[in-house]
Amino acid sequence: MLASPAPVSLTRARLPAPGRRWISPRRLLCRDKRELVEFMKLILIDGLGIWAQLGLVEGNLRTCLRKGNCSLITAKFELKPPPYHLSALEPHMSRETLEYHWGKHHRGYVENLNRQIGGTELDGLTLEDIITITYNKGDFLPAFNNAAQVWSHDFFWETMKPDGGGEPSGDLLELIKRDFGSFERFVEEFKLAASTQFGSGWAWLVYKANRLDVGNAVNPCPSEQDKKLVVVKSPNAINPLLWDYCPLLSIDVWEHAYYLDFQNRRADYISIFMEKLVSWEAVGSRLEMAKAQVAEREREEERRKREEEEEQTPHSEATKMFLESNDGDDSESE
């Protein structure tokens, strides 16, 4: 198991002076996204008592937010339509399959999620943050399954297009050849992952940026090699966001994704998906976005490192000047 992040230290909180505008809890206590996740889990699991201990609430969190003139955001996630007509993927994926898969299953996840988070501390968070918080190191909180399935289905619809399939091009193809040896070997590995996922779940092509300690889950590919494409599979609602990977391509292997068209022939469904449905343009765009996000995160980490060094520099320079001054005094006295 990977080491968990250090718990959020409540002593970091700097309470506002009398008459000062109240600072949002995210800015007040959480220096980065990981600390926000840990802090929100405290809120969800321990309730609002911790806020009362800090003197930040009178009665409840909503009162605290109103005192700071902060409007309470109520989230209501919407069922996003696929980026094509429901019959546009025929004959490879039927309109009937999309009517059931998107119109009923996906819709059910969205409606259930909205019911679960309404009026809770999850209201107003992004879907990605809800997924990370409610995963809770594998001890799922109630909203996890629906939140993760909403995200994964939005992603899945955009992975496909009419007249898809074929081969990628550009940087995506070069990275596939570099990391798998050839495009054909990648396809074999992806098909194997999808076909051997026992029961319900997903298979993914992801961009792995060497985030070995992901805090909330065990990294399935804990190698030291970074900025690398890897194929992973996940059971049920689990998705690569929990491992801090950047998903590029996915296939849904829950039976409701293919049973109307292929019955129990999952292997045929996977082959048709790869040969006729994948939008390599979408996958390539996601790769460019992933590389940009990784580069931005590296710049942010470098900036933080410089700031920490600069905070220590004045003390070091003062000590050096004091020592040099004492040396000069000694030489004069001699």
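Me: Leaving aside neighbours within four places in sequence, which residues is Arg286 in contact with?
Reply: Arg286 is in contact with Phe155, Glu158, Thr159, Pro247, Leu248 and Leu249. Contact means heavy atoms within 4.5 Å. One caution: this is a predicted model, where local features need pLDDT of at least 70 and side-chain atom pairs count only at pLDDT 80 or more, while totals for chains, interfaces and linings use all residues. Residues are numbered from 1 along each chain as its sequence is written, and side-chain values use heavy atoms, with hydrogens and water left out.

Me: Where is Arg286 found?
Reply: In helix H12, which covers residues 280-333. Helices (H or I, at least four residues) and strands (E, at least two) are DSSP runs, numbered from the N terminus.

Me: Is Arg286 buried or exposed?
Reply: Arg286 is buried, yet it has no salt bridge. Buried means under 20% relative accessible area, exposed means over 50%, and partly exposed is in between (1.4 Å probe, protein chains only). A salt bridge needs a side-chain nitrogen of Lys or Arg within 4 Å of a carboxyl oxygen of Asp or Glu.

Me: Which side chain does Arg286 make a polar contact with?
Reply: That of Thr159, at 2.9 Å. A polar contact is a pair of N or O atoms within 3.5 Å; within protein, one must be able to donate a hydrogen and the other to accept it, and residues adjacent in sequence count only if both atoms are side-chain atoms. Arg286 also lies over the face of Phe155, 3.6 Å from the ring centre. That takes NZ of Lys or CZ of Arg within 6 Å of the ring centre and within 35 degrees of the ring normal.

Me: Which other Arg lies over a ring face, that of Trp102?
Reply: Arg107, at 5.8 Å from the ring centre.

Me: New topic. How many aromatic pairs are there?
Reply: A search of the whole structure finds 17. Rings of Phe, Tyr and Trp (its six-membered ring) pair if their centres lie within 6.5 Å; planes under 30 degrees apart count as stacked, over 60 as edge-to-face and the rest as tilted.

Me: What about Phe186 and Phe190?
Reply: They form a tilted pair, 5.9 Å centre to centre, with 45° between the planes. Both lie in helix H9 (residues 183-196), four residues apart, so about one helical turn separates them.

Me: Which Trp does Phe186 pair with?
Reply: Trp280, in an edge-to-face pair: 6.2 Å centre to centre, 70° between the planes. Phe186 is in H9 and Trp280 in H12, so the pair ties together parts 94 residues apart in sequence.

Me: Which residues form the aromatic cluster?
Reply: Trp151, Phe155, Phe156, Trp157, Trp202, Trp204 and Phe273. Phe273 sits in helix H11 (residues 266-277) and is buried, with a relative accessible area of 0%.

Me: What joins the side chains of Gln149 and Trp202?
Reply: A polar contact of 3.2 Å. Gln149 is in helix H7 (residues 144-159). Its relative accessible area is 2%, so Gln149 counts as buried.

Me: Which residues of H6 are buried?
Reply: Leu127, Asp129, Ile130, Ile131, Thr132, Ile133, Thr134 and Tyr135. Eight of the nine residues of H6 (residues 127-135) are buried, so the rest of the structure largely encloses this helix. Asn136 follows H6, and its phi is positive, near 55°.

Me: Now salt bridges. How many are there?
Reply: The whole-structure search finds 13. Glu300, Arg303, Arg304 and Glu307 are linked in a network of them.

Me: What are the N to O distances for Arg303?
Reply: Arg303 and Glu300 meet at 2.4 Å. Arg303 and Glu307 meet at 2.3 Å. Glu300 also bridges to Arg304, with the closest N and O atoms 3.5 Å apart.

Me: How far apart in the helix are Arg303 and Glu307?
Reply: Four residues, about one turn of H12. An α-helix has 3.6 residues a turn, so residues three or four places apart point the same way.

Me: Last one. How many helices and strands does the chain have?
Reply: The chain has 12 helices and three strands. Buried residues make up 44% of its 334 residues.

Conventions: Lys, Arg positive; Asp, Glu negative; His and termini not counted.
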